[in-house]
Amino acid sequence: MTRTPTLRDEAWRYSSAKAIARLTFPPERQTLAVSSEQTLVEVVSSGTNGHLITIAEGARLNHVRIFPSDLSSPAYATAKVEVAANGYYSSHVLNLAGEYVRNEIEVDLVGAGAHADLQGVYMISDKAHCDTMTKIHHAVADTTSDEVYKGVLKGTSRGVFQAQIRVAPDAQRIVGNQMHRALMLSDDSRVDTKPELEIFADDVQCSHGSTISDLDEQQLFYLRSRGLPEANARALLIRAFLAEFLDGAPTALEGVFEEGVEAYLRGL
Amino acid sequence: MSRKYMDNEDLDGSLLAQGPYMRAMLKITDLHAQIEAEEKPIIKGLNLEVPKGEVHAIMGPNGSGKSTLSYVLTGRPGYDVTCGSATLDHADLLELEPEERALVGLFLAFQYPVEIPGLGAMTFLRAALNARRRHSGEKELDAMEFLRLARAAGQSLGIGDDMLKRAVNVGFSGGEKKRFEALQMALLEPKFAILDETDSGLDIDALRVVAAGVNTLRSPDRGFLVITHYQRLLDYIKPDCVHVLHEGRIIQSGGPELALRLEDEGYDQLIAEAS
């Protein structure tokens, strides 16, 4: 977006006008060309943060994006990523912030064998607002993508998940899977989720799913029946819900994630 | 209703305290319970006493209230007790939270053990055992100490490291789930265990393993309530006493021969006799 967006723009309709007013548009983008295997750890600061990334043929980027708990004003992080043949883009986004946060990732898979793996976790409370917007464009045949975002919400926090998978005309043999799961621990939290599949080819396996729930009563009872106090059982189930996020994640993320979970569970 | 239990109903509290019933470990008196959402009575005036060291079986046709009884005793949300009492030793079970019931020594081996993706079996077992140890003032076990204990207990149940490394009940076969229930029971060493249709979903080999696991836990200090639809399980876990549940009440009690009779004649005849 080159001008300042408004809530009338579809991509920003679940955003916050107050927060937008504190961000700068268009985002300035740092460029990054990845030609082998590389890890980018982006600790997002307040304001607008942009990246323009190209991943060369056969190269791989492990992109870790962290919205830290000490953000004191709205933050917007956006990346445009182009992945060439047999390239691999792996993204792990962790949001621990108590502020408005906009997490944006657009991936163009432009060569056969290119893959995008997008994983995200947000753990939010009080008045935090986590606005996620991803677009995966399968521009050519034989490209694949996987996306799993999970959120835990309490207080009056709000989660937004808008995710688009687009398959270009005649881009055949595409696999694209998308999933968003939210665990709402309070009655006053809110989740808006909008999966979008635009498919212009016929030999395609695409899926999307969205679940919004409280903790599972049967699981909770099973744990309590073994002598685990309710608070303890709830904490174990929240950890279990989030556990797969660390599968395949760069080790740099583990410590931050653990601390984030600990802090979040302490606040329950 | 059998003689024994008729008499029991007629006794008042003071007489109970003097008689052989003082040994009752689990004592259920005139229990009435319903499913909260439906307000439909399921348990309708159930009386039962299981003394320390004994294994009692509850048999009954589908819908007689067998599983509801196990859930009401262990405190599963969604059930209302409208009348009656249930105590384990001197603890008033119905006043306690599910975890407190576990900590006073009650254990339920689930008919359908619950899958918990993302929660490692070892993490779960250690958390449960340490909750128990904290409660009884014992030192909590660290990961290594616990691993040794769990391996030893798992061995006789055919539970190896591969199973302990998986998430709780996820991808377990029917037999593995029931063996995992037996492992939890062995580690938690409850005072009183309820086995809810432990034989369902088990082939004969798995049944033997699980039954052997239960039998090694039989002791003069521990009681069992074995809930089952079929007599088969009772070939492997020999009960001291068999009760027949029908429409939320015990309609007959007897020795192990009662289960054999049921197997021969079916529930219908017995129900007809009782009514």
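1. Two residues are in contact if their C-beta atoms, placed from the backbone, lie within 7 Å. On this basis, the contact between the two chains takes 19 residues from chain B and 17 residues from chain A. The model is predicted: local features need pLDDT of at least 70 and side-chain atom pairs count only at pLDDT 80 or more, while totals for chains, interfaces and linings use all residues. Residues are numbered from 1 along each chain as its sequence is written, and chains are lettered from A and ligands numbered from 1 in the order in which they are written.

2. The side of chain B that touches chain A receives two or more residues from each of helix 4 (98–103), strand 7 (116–120), helix 5 (121–135) and helix 8 (174–188) of chain B. Helices (H or I, at least four residues) and strands (E, at least two) are DSSP runs, numbered from the N terminus. By class, this side of chain B has 13 nonpolar, three polar and three charged residues. Here Ala, Val, Leu, Ile, Met, Phe, Trp, Tyr, Cys and Pro count as nonpolar, Asp, Glu, Lys and Arg as charged, and the others, Gly among them, as polar.

3. Chain A contains four helices and 14 strands. Its C-alpha trace spans about 55 × 40 × 35 Å along the principal axes. Of the 268 residues of chain A, 44% count as buried. A residue is buried if 20 or more other C-beta atoms lie within 10 Å of its own, exposed if 12 or fewer, and partly exposed in between, with C-beta atoms placed from the backbone. Among contacts in chain A between residues at least 6 apart in sequence, 75% join residues at least 24 apart.

4. In chain A, seven strands form an open parallel sheet in the order 2-4-6-8-10-12-14. Its edges are strand 2 (37–43) and strand 14 (204–213) of chain A, each of which pairs on one side only. Two strands pair if DSSP finds at least two bridges between them. Neighbouring strands of the sheet are turned by 5° against each other on average, direction ignored. Within the sheet, strand 4 (residues 60–67) and strand 6 (residues 88–95) of chain A run parallel and are joined by eight bridges; Arg65(A) has Val93(A) in strand 6 of chain A as its bridge partner.

5. Two helices of chain A meet these strands. Helix 3 (residues 230–242) of chain A lies across strand 8 (115–124), strand 10 (144–153) and strand 12 (174–184) of chain A, at about 160° to strand 10. Helix 4 (residues 252–266) of chain A packs on the sheet, touching strands 2, 4, 6, 8 and 10 of chain A, and its direction makes about 25° with that of strand 6. Axes are lines fitted to C-alpha atoms, for helices over the stretch in contact, and angles run from 0 to 180 degrees between N-to-C directions.

6. Chain B has eleven helices and twelve strands. Its radius of gyration is 19 Å, close to the 19 Å that the globule rule gives for 275 residues, so chain B is as compact as a globular protein of that length. Buried residues make up 41% of the 275 residues in chain B.

7. Strand 9 (residues 192–196) of chain B is mostly covered, with five of its five residues buried. Phe192(B), Ile194(B) and Asp196(B) point one way from this strand, and Ala193(B) and Leu195(B) the other way. Four bridges join strand 9 of chain B to strand 6 (residues 106–109) of chain B in parallel, with Phe107(B) opposite Ala193(B). Strand 9 of chain B also pairs in the parallel sense with strand 10 (residues 223–228) of chain B over five bridges, and Leu195(B) has Val226(B) as its bridge partner there.

8. In chain B, strand 11 (residues 241–246) and strand 12 pair in the antiparallel sense over five bridges. Strand 12 (residues 249–254) of chain B has five of its six residues buried. These two strands of chain B form a hairpin with two residues between them, and Glu247(B) in the turn has a positive phi of about 45°.

Terms used:
Rg over C-alpha atoms; globule rule 2.2 N^0.38 Å.
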